[in-house]
Amino acid sequence: MSDTQTLIENRPPSVAGLFLERVSATPDAEAYRYPVPAASGQGPDDWKSLSWARTAERVYAIAAGLIELGVQPEQRVALASSTRIEWILADLGIMCAGAATTTIYPQTNAEESAFILFDSESRVLIAEDAAQLAKAVEKRSELPELTHVVVVDAAGLESVDTGDWILTLDELEKRGAARLEQEPELIKERVGSIAKDQLATLIYTSGTTGRPKGVRLPHDNWSYMAKAIAATGLVSGEDVQYLWLPLAHVFGKVLTSGQIEVGHVTAVDGRVDKIIENLPVVQPTYMAAVPRIFEKVYNGIATKARAGGGAKYKIFQWAAEVAREYAKVAQDNFRRTGTASVPFGLGAKHKVADALVYAKIREAFGGNLRACVSGSAALSPEIGYFFSGAGVHILEGYGLTESSAASFVNPGEAYRTGTVGKPLPGTEVRIAEDGEILLRGPGIMEGYHGLPDKTAEVLEADGWFHTGDIGELSADGYLRITDRKKDLIKTSGGKYIAPAEVEGQFKAVCPYVSNILVHGADRNFCTALIALDEPSILGWAEENGLAGKSYAEVVAAPATVSLVQGYVEQLNQGLQKWQTIKKFRLLPRDLDVEHGEITPSLKLKRPVVEREYKHLIDEMYSGTREA
């Protein structure tokens, strides 16, 4: 048996157990950093630090506080909060109490929040603030199991009739600390009694269609993930992670398990509008993100270069092509020879482009970034190659809520843009006859909460899980995702098209795009609905005779339509005839979570968008003969 197999197979039953081991091994080492806004509300945030020992004090107090409220093993405690240090402390506290965390995105409306609380039978809700509390208060009569709400940020609670069922996180910790004075071994005993198949997390899939389903992930899933991430060798105890992803999503959650096993520092701040400001302060060595972030950074760089005048834009375009060529050649040579070498001429051009463009990009990421991990959706290869050539190495990975997030990841230096890498140690993969990716291993869910029929549809008796994604495996084990099985579209001419592939290519071509949906199922040609990035297109409008116009006015202007038409034509040059976009419409606003058009993890809800903009789709096909 290899060292890796031993590491994974001899894992403890729970991450709660791993947490106790980490605290014992490195009590004084730094565990977390988190921002505290300046008292005046002006100026930079003050970043504070927690050691593993201090983290444990708070986690154990939260765990004991929940036990004091009557929470029993496997009973659900819901967390409705953005990503912040208290989310991690609360989640660890829930697990150390032997209970199970139910996650709720803070953007979730009152009705769906109530559905999740009811369906999960959550006994306690830990709410970020008065706004999250208000959702529970509004729906309290529909939630017979909910006995308490714990509020993290107490501002604004004065106006709420709190009664004895609402308390602050500070009050919960004080209750817990008092309980621990009476029973100092309470948490150690609770953690020691956790079985590996005991429920740890109930994550509701945001779902691109229908009601969310609760995915049951036992403690063993997270323990396996922690050990498997460590076994990849991608992270070490010297790393500094910048964690801003939503922890209600499985991708964010899995990062906390890996960190506990490895023991590195994590800087926690979920405010997406603070990413650019935080990167030079945190100076992370690695960071996980979703493709939309890299697309926005790329579009921002391109837009800034364009605004700098024709000469600057030409330099950027040249540097972008050099970066892509450099990355493709280097990765190809590494695959064949084990050395990322490039010809002398290309290396010389790259050196000049580095001084002019790439060095500034790396500096914007904090200057110490070794690698980024990208997941949750497909990253356009052209954007991936650009960043690779610029020295910002994006390791694409793959997984689902049902597989505890991390099933595949690219292996460090040997990463290949356009693939999601190789399976994590201990995870098996096979491709079904119809191209669907099947997974089996210790990361796979127990099933959907209270939905045995839905579970049976995707989980076979021998453990193979049907992902619903289509993919291809290379001879040496790298996986390439081609599309969601249900998202493949077939034209009336019988040609299959992967819309995500075309959409990804357009995002690499057009620096102004925010979201795009390609339509063409049962039609004789493809069309697209395109939403533009508001800051980028308004910046362009300022320079092109449309200053002072609203976003809706700008996207309706003939000059804007003409601009995007040029990018569509550029896209079409690289597509097969049946994939080309014959017509498009610009949307009057961007797609967003609030309107239900994209999920909180920034995935497109195709049926919702197609239904909402059916009139535009019909308009594009009107007057054409459908085969």
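## Basis of the description

In this predicted model, local features need pLDDT of at least 70 and side-chain atom pairs count only at pLDDT 80 or more, while totals for chains, interfaces and linings use all residues. Residues are numbered from 1 along each chain as its sequence is written, and side-chain values use heavy atoms, with hydrogens and water left out.

## The sheet

An open sheet with mixed pairing is built from 9 strands, in the order β2-β1-β11-β10-β12-β13-β14-β15-β16. Strands here are DSSP runs of E with at least two residues, and helices are runs of H or I with at least four, numbered from the N terminus; two strands pair if DSSP finds at least two bridges between them. At the edges lie β2 (46-51) and β16 (422-423), each of which pairs on one side only.

Strands β14 (residues 394-398) and β15 (residues 408-409) pair in the antiparallel sense over 2 bridges, and Y398 has F408 in β15 as its bridge partner.

## Helices on the sheet

Helix α3 (residues 52-68) lies across β1 (30-36) and β2, at about 85 degrees to β2. Angles run from 0 to 180 degrees between N-to-C directions, with axes fitted to C-alpha atoms, for helices over the stretch in contact, where contact means heavy atoms within 4.5 Å.

## Cysteines

The whole structure contains 0 disulfides, a disulfide being a pair of cysteine sulfur atoms within 2.5 Å. For C510, the nearest cysteine sulfur is that of C526, 18 Å away.
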